[in-house]
Amino acid sequence: MDWQERYVNGDTPWDKNAPAPAINQISLQKPALLSPGRKVLVPGCGYGYDALALAELGLDVTGLDIAELALQKASTLTPDNLSVEWLAADAFQLPASRHHRYDMVWEHTFLCAIAPEMREEYVKAMWRYLKPNGCLLGVFFTNPDMAPGEGPPYKIPRLEIIELMGSLFTLEWETEPTEHYPGREGREHIMLFRRLSSCCE
Ligand SMILES: C[S@@+](CC[C@H](N)C(=O)[O-])C[C@H]1O[C@@H](n2cnc3c(N)ncnc32)[C@H](O)[C@@H]1O
């Protein structure tokens with residue numbers, strides 16, 4: 001998929017012009033996860049609404065996307081009083097200087113956007129970027145049976161996510177979102193995976 005071209009053509013049906021509502025819910029239910037100063041990586045951040053919402057909560061955020069055009073807009077949306085690092089790069093190829101650097105990865109509509117053959121690499125890459133005992137927290141698109149042309153390119157249900165992550169992470173907490181974008185009611189699931197110490201370098 002040529003993501004830059006999709007942004008050039010305005011072909012971005014995933015864009016909701018607002019952060020994932022689950023961020024608000026998590027900040028109320030599990031405030032320690034989103035406490036100020038934590039270093040968080042947001043892979044596939046798109047226009048950066050989630051990254052900006054996390055930065056507003058005081059987290060130290062890197063918004064990462066392969067599409068430079070998305071990050072250009074994210075940059076223009078960034079208020080002067082907020083500091084977010086916008087990084088144009090392939091989420092599977094970050095250099096060693098980025099390894100073991102983050103307390104948390106925020107996942108939202110990235111895993112379901114990558115080809116299934118890249119999923120194991122996703123788990124390994126996120127493991128590499130996290131500090132020991134870091135976590136991957138996200139709102140996963142687990143029930144994407146929608147009308148043709150809608151929904152994510154590569155659906156992945158809850159049990160498959162748990163099985164996939166299980167090689168290098170353990171599921172620590174999960175809950176149903178109480179707040180959604182319109183149309184995503186009953187289709188999402190919040191999950192927190194803790195990084196295991198097993199080596200995948
Ligand atoms: C479905 S969109 C979701 C964007 C954003 N999370 C949102 O919900 O608005 C997937 C995003 O992943 C980005 N992406 C796809 N492959 C990538 C890769 N290998 N590295 C970094 N970003 C990638 C795309 O450019 C796109 O912005």
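Colleague: How many positive and negative side chains does the protein have, and how far apart do the centres of the two sets lie?

Modeller: In such a count Lys and Arg are taken as positive and Asp and Glu as negative, while His and the chain ends are not counted; each charge is placed at NZ of Lys, CZ of Arg, CG of Asp or CD of Glu. Here there are 18 positive and 28 negative side chains, and the centres of the two sets are 5 Å apart. Please keep in mind that this is a predicted model, in which local features need pLDDT of at least 70 and side-chain atom pairs count only at pLDDT 80 or more, whereas totals for chains, interfaces and linings use all residues. Residues are numbered from 1 along each chain as its sequence is written, and side-chain values use heavy atoms, with hydrogens and water left out.

Colleague: What radius of gyration does the protein have, and what would a compact globule with 201 residues have?

Modeller: The radius is taken over C-alpha atoms, and the globule rule is 2.2 Å times the number of residues to the power 0.38. For 201 residues a compact globule would come near 17 Å, and the protein, at 16 Å, agrees with that. Along the principal axes, its C-alpha atoms fill a box of roughly 40 × 40 × 35 Å. The accessible surface (Shrake-Rupley method with a 1.4 Å probe; for residues, only the protein chains shown count as cover) is about 9,400 Å², and 50% of it belongs to carbon and sulfur atoms.

Colleague: In what order do the elements of the protein run from the N terminus on?

Modeller: Elements are read as DSSP runs numbered from the N terminus, helices being H or I with at least four residues and strands being E with at least two. The protein has 6 helices and 7 strands, in the order α-α-β-α-β-α-β-β-α-β-α-β-β. With contact meaning heavy atoms within 4.5 Å, 71% of the contacts with a separation of 6 or more are between residues 24 or more positions apart.

Colleague: Which residues have the most contacts inside the largest nonpolar core?

Modeller: Buried means under 20% relative accessible area, exposed over 50%, and partly exposed in between (1.4 Å probe, protein chains only); a nonpolar core is then a set of buried Ala, Val, Leu, Ile, Met, Phe, Trp, Tyr and Cys residues joined through side-chain atoms within 4.5 Å. Of the 201 residues, 50% count as buried, and the largest core has 30 residues, with L34, L54, V61, W106 and L137 having the most contacts inside it. Among the elements that give it two or more residues are helix 2 (22-29), strand 1 (39-43), strand 4 (102-108) and strand 5 (130-141), while the largest share, 5 residues, comes from helix 3. Apart from this core lies another, of 28 residues, including F92, Y122, F169 and M191.

Colleague: Why is helix 3 described as largely enclosed by the rest of the structure?

Modeller: Helix 3 is largely enclosed because 7 of its 8 residues are buried, namely Y49, D50, A51, L52, A53, L54 and A55. The cover over them includes helix 2, strand 1, strand 2, helix 4, strand 3 and strand 4. Beyond its neighbours within four places in sequence, L54 is in contact with I23, L34, V40, V42, L59, V61 and W106. In the loop between helix 3 (49-56) and strand 2 (60-65) we find L57, which is partly exposed at 32% relative accessibility and, with the same exclusion of sequence neighbours, is in contact with I23, S27, L34 and P36.

Colleague: What is phi of N17, and where does N17 lie?

Modeller: Most residues other than glycine have a negative phi. N17 has a positive value, near 60 degrees, and lies in the loop between helix 1 (3-8) and helix 2, where it is exposed, with a relative accessible area of 57%. T109 likewise has a positive phi, near 55 degrees; it lies in the loop between strand 4 and helix 5 (119-129) and is partly exposed, at 22%.
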